[in-house]
Amino acid sequence: MKKRICYLFFMTILLSLLTLGNTSQAKPKNYTISPKSKIKWNYKKSPNRNKYTQHYFLLRSYLEKMEKNGGGTLTLKKGTYKICNSLYVPRNVTILFKNGVCIKKTKKTGKAQFKSAESIFQVVTPKLSKKKKKTKKYNGSRNVKFVGQGTATIDLAYVKNAKGIIAAHCQNVQIENIHFTNMNTGHFLEIDAAKNLTVRNCRFTNASRNSPYNKEAINIDTPDALTGGLTLSWSKPDKTPNQNIVIENCSFSNLQRGVGTHKYSQKKVNGKWALNCYHENMIIRNNTFSNIKETAIFMMNWKNVNIAGNTFIKDTFCLNFRGVQAPFQVSANNFGSNTVTLAYNGKKANIHNKAYRNSQKGSVYSAIYNRLGITTIAQLVAMNNRK
C-alpha cells in the first residue's frame with residue numbers, strides 16, 4: 001500500500017513538472033526593427049561589432065532569439081541594412097521587408113580576424129548551422145518566408161560569388177515580391193535539397209559581364225562533394241534533389257542565365273553510377289525573360305516538368321540563342337503556351353539527343369540522355385515556330 005502511495009505521489013509530481021515545463025515554453029513572437037535599432041540580446045559587447053558589422057549582428061541576434069521562441073515574424077522597416085556575413089533563418093520564421101528596405105551585401109568587416117561570407121541568408125536553424133554535416137535530406141528549417149512589400153530589394157552589389165538566399169535541406173519555403181539585383185558570378189537564389197519551395201512575383205536583374213555563362217539567377221542543384229554543389233560545413237553532401245519547385249510570375253533581365261542546373265548527380269547501383277538524382281515536379285510558369293545572354297531556362301536531370309505561359313523577349317537568344325534548353329536527361333510533360341517576341345536569329349528551343357557527361361567536377365558519373373516524349377518534342381517544335 002505504501003509503495004502504491006509513493007508511486008502515485010511520484011507520478012503526480014512528475015506530471016506537474018511536465019505541465020509546468022510545457023506552460024513555460026517560449027512561444028512565437030513578432031519583432032519590428034529598423035537600421036537604427038539597438039541590439040537587445042547577444043552580441044551587445046561582441047569584439048567584432050562595429051559600424052561595418054552592426055546590421056549583421058542586429059539581425060543575427062533577433063533570428064537567434066526567434067529560434068528560442070519557436071518562430072515569429074521579423075519586420076524590417078525602411079532603410080539599408082549592410083550585411084557582411086551569413087544569417088541563419090530558423091523554422092517557422094517570416095522575414096517581412098517593408099517598402100524601401102534594401103539588404104545590401106558587403107565585404108568589409110573592419111576586423112582582420114572576422115571574415116565576411118559569400119551568402120546573406122541561409123535557410124537553416126542557427127543551432128544546426130554549427131553542427132558539421134548534420135543537416136541532411138529535408139530536415140533543416142521549414143515554414144520559412146521571405147516576403148517583400150513595394151520596392152524591397154536584396155542587392156548583391158556585384159560582390160564576387162555572393163548569394164542572396166541559400167535554401168537547402170529545407171521544406172515549405174516562400175520567396176515573394178523581392179527585387180534581387182547586381183550579381184557577380186554567384187547566384188541570387190541557391191536551391192539545393194529543397195522540398196515545396198515557391199518563388200513568386202520577384203524580379204531578378206543585372207549580372208556582371210564577368211559572370212561565367214553558366215551562373216544562373218536561380219540555381220537548382222544538389223549537395224554533392226563530387227560536383228562541388230553546396231559546399232557548406234553544416235550540409236551533408238547526400239545528393240538530395242529538389243522536389244516541388246514553383247517559379248511563377250517573375251521577371252528576369254540582363255543576366256547570363258535565368259533558371260537552371262549545370263551539374264547532375266548520381267548514386268551507385270551494384271557498384272556503378274546508374275541512379276540519377278532527379279529534381280522532380282519543376283514548374284516554371286508565367287515568367288518573363290529578357291536580355292538573357294545565354295539560356296533563359298536550362299534543364300538538367302529534371303523530371304515531371306511544366307514550363308508554360310512564359311515570355312521570352314528581344315535579346316533573350318543572343319550569344320547561344322536559347323530560350324528553353326532541354327540539354328540532357330529531362331523527362332517532361334508540358335512545354336506549351338510559351339510566347340516568343342523579337343527573337344534574334346537562331347533557335348527558340350534547343351534539344352540535345354546526344355549523350356552528355358559532367359565536365360571536370362562530377363565527371364566520374366555515367367553519361368545521361370534525354371527522355372522526352374513525342375508530345376513534348378512536338379511542343380518544343382511548335383515553340384520554335386512561334387513568333
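Modeller: Two strands pair if DSSP finds at least two bridges between them. The model is predicted, so local features need pLDDT of at least 70 and side-chain atom pairs count only at pLDDT 80 or more, while totals for chains, interfaces and linings use all residues. Residues are numbered from 1 along each chain as its sequence is written, and side-chain values use heavy atoms, with hydrogens and water left out.

Colleague: How many residues lie between S17 and S18 in their hairpin?

Modeller: Strand S17 covers residues 266-269 and strand S18 covers residues 272-276; they run antiparallel and are joined by 4 bridges. Val 269 stands opposite Lys 272 in S18. The number of residues between the two strands of this hairpin is 2.

Colleague: Is Asn 270 buried or exposed?

Modeller: Asn 270 is found in the loop between S17 and S18. Its phi is near 55°, a positive value in a residue other than glycine. Buried means under 20% relative accessible area, exposed over 50%, and partly exposed in between (1.4 Å probe, protein chains only). With a relative accessible area of 78%, Asn 270 is exposed.

Colleague: What is the relative accessibility of Gln 360?

Modeller: Gln 360 lies in the loop between strand S24 (349-351) and helix H4 (374-385). Although Gln 360 is not a glycine, it has a positive phi of about 55°. Gln 360 counts as exposed, because its relative accessibility is 73%.

Colleague: Which residue does Glu 248 form a salt bridge with?

Modeller: A salt bridge is a side-chain nitrogen of Lys or Arg within 4 Å of a carboxyl oxygen of Asp or Glu, and the structure holds 7 salt bridges. In the salt bridge of Glu 248, the closest N and O atoms are 2.7 Å apart. Glu 248 counts as buried at 8% relative accessibility. The partner of Glu 248 is Arg 200.

Colleague: Why does the pair of Glu 248 and Arg 200 tie together separate parts of the sequence, and how many residues apart are they?

Modeller: Arg 200 is partly exposed, with a relative accessible area of 24%. Glu 176, Arg 200, Glu 248 and Arg 285 are linked in a network of salt bridges. Within the salt bridge of Glu 248 with Arg 200, Glu 248 lies in strand S15 (residues 243-248) and Arg 200 in strand S12 (residues 187-200), so the parts tied together are apart in sequence by 48 residues.

Colleague: Which residue forms a salt bridge with Glu 216?

Modeller: Glu 216 is buried, with a relative accessible area of 0%. The closest N and O atoms of its salt bridge are 3.2 Å apart. This pair links distant parts of the chain, 41 residues apart: Glu 216 is in strand S14 (residues 216-221) and its partner is in strand S16 (residues 251-260). That partner is Arg 257.

Colleague: How far apart are the closest N and O atoms of Glu 294 and Arg 257?

Modeller: Arg 257 counts as buried at 3% relative accessibility, and Glu 294 is buried, with a relative accessible area of 1%. Glu 294 forms a salt bridge with Arg 257, and the closest N and O atoms are apart by 3.0 Å.
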